[in-house]
Amino acid sequence: MAVENVSVVFKLYCLSVMTLVAATYTVALRYTRTISSGDLYFSTTAVCIAEVIKLILSLGMLAKETSSIVRFKNMIVEQIIYSPKELLKLSVPSLVYAVQNNMAFVALSNLDAAVYQVTYQLKIPCTALCTVLMLNRSLSRLQWFSVFMLCGGVTLVQWKPAEATKVQIEQNPFIGFMAIAVAVLCSGFAGVYFEKVLKSSDTSLWVRNIQMYLSGIVVTLIGVFINDGEKVMEKGFFYGYTPWVCLVVFLASVGGLYTSIVVKYTDNIMKGFSAAAAIVLSTVASVLLFGLQITITFASGALLVCLSIYLYGLPKQDTSKLTRPDKATDSELKQKLINV
């Protein structure tokens with residue numbers, strides 16, 4: 001997808017909002033699972049509500065795109081109600097994304113926000129591998145190098161995870177890391193699968209989102225009643241909800257939709273800078289809110305991850321248009337002789 005020409009101010013706005021959403025979501029979710037007072041809410045219900053909000057926002061964006069009530073109605077009827085095969089096709093990423101979103105709650109219940117933010121960048125090599133296998137694309141040597149550098153940085157971060165002194169609940173870093181591992185595998189596969197579905201037809205992005213979120217609501221509702229069914233029936237669907245929990249749900253809803261806008265108007269370098277900035281913000285917030293103790297291994301690993309994200313986003317060099325220096329020199333000499 002080509003990046004549209006927009007002002008630098010608008011690009012910086014997109015970058016700033018994306019960074020704040022990513023960092024705030026991680027820190028707020030960690031806060032609601034570890035420090036926030038009151039009864040602990042059911043994470044499965046939060047994931048389900050986020051899918052409902054995404055569906056509503058996508059319907060609004062489709063209505064804006066069609067600019068006509070009649071066209072909007074016809075598109076809903078033809079491409080959603082009368083297209084059960086397409087709904088079934090989009091149920092695959094819906095299921096995978098549901099698992100990913102639930103794993104985020106498990107991970108942030110056992111790992112600090114900064115450690116999570118750094119480790120979650122493993123989604124880049126996972127997405128790269130899925131892209132090579134499913135879309136038959138190739139990666140440059142620099143991109144492969146950055147992938148291995150990123151894995152090395154995450155290894156340093158996880159070698160001796162930084163501890164948060166203000167978090168008193170029992171945590172299991174191994175469970176947290178395994179949850180992130182599942183989440184990044186889901187993120188890589190679902191993202192590439194959804195891209196492949198998008199490029200297989202001219203169907204609107206918002207129609208595809210609606211199809212996916214309809215399936216997502218069904219999948220997450222099943223997850224609610226499988227994991228927390230009895231407790232939800234006893235205490236209620238919104239048990240334990242606070243303004244902080246509502247903020248987490250809101251950020252989870254707008255985060256994915258806003259990413260598509262950022263991809264449209266910015267480039268990979270700006271996205272990489274945003275991810276690195278989110279790591280820095282999450283680290284600062286973790287030190288202030290959770291008493292995170294920064295170690296040398298964490299700082300070194302985080303630095304390697306930020307650098308690898310930047311290198312991976314650099315555009316590939318087109319060598320087909322490069323000319324040999326000696327040929328260029330011969331041409332210049334001939335031109336000079338002609339001029340003489």
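Predicted model: local features only at pLDDT ≥ 70, side-chain atom pairs only at ≥ 80, totals over all residues.
A search of the whole structure finds eight aromatic pairs. One of them joins Tyr41 and Phe105. The arrangement is edge-to-face, with 6.3 Å between the centres and 80° between the planes. Tyr41 lies in the loop between helix H1 (8-34) and helix H2 (43-66), whereas Phe105 belongs to helix H4 (residues 84-108). The pair therefore ties together parts that are 64 residues apart in sequence. Both Tyr41 and Phe105 are buried.

Tyr41 also pairs with Tyr241. Tyr241 is buried, as is Tyr41. Tyr41, Phe105 and Tyr241 belong to one aromatic cluster, together with Phe237 and Phe238.

Charged side chains also meet aromatic rings. The charged end of Arg33 sits over the ring of Tyr41, 4.9 Å from its centre. Arg30 lies over the face of Phe290, at 5.9 Å from the ring centre.

The structure holds five salt bridges. Among them is the bridge between Lys54 and Glu51, whose closest N and O atoms are 3.5 Å apart. These two residues are three positions apart in helix H2, so about one helical turn separates Lys54 from Glu51. Lys54 and Glu51 are both buried.

The side chains of Glu86 and Lys89 meet at 3.5 Å, N to O. Glu86 and Lys89 are three residues apart in helix H4, and therefore about one helical turn apart. Glu86 is partly exposed, because its relative accessible area is 22%. Lys89 also counts as partly exposed, at 29% relative accessibility.

Arg137 and Glu195 form another salt bridge, at 2.5 Å from N to O. Arg137 lies in the loop between helix H6 (123-135) and helix H7 (141-159), and Glu195 in helix H8 (residues 173-199), so the bridge ties together parts 58 residues apart in sequence. Arg137 is partly exposed, with 37% relative accessibility. Glu195 is partly exposed as well, with a relative accessible area of 22%. Elsewhere, salt bridges that share partners join Glu86, Lys89 and Arg208 into one network.

How values were computed: Residues numbered from 1 in each chain as written. Heavy atoms only, no water. Phe/Tyr/Trp six-rings, centres within 6.5 Å; stacked < 30°, edge-to-face > 60°. Helix = DSSP H or I, 4+ residues; strand = E, 2+ residues; numbered from the N terminus. Buried < 20%, exposed > 50% of the residue type's maximum accessible area, 1.4 Å probe, protein only. Lys NZ or Arg CZ within 6 Å of the ring centre and 35° of its normal. Salt bridge = Lys/Arg side-chain N within 4 Å of Asp/Glu carboxyl O.
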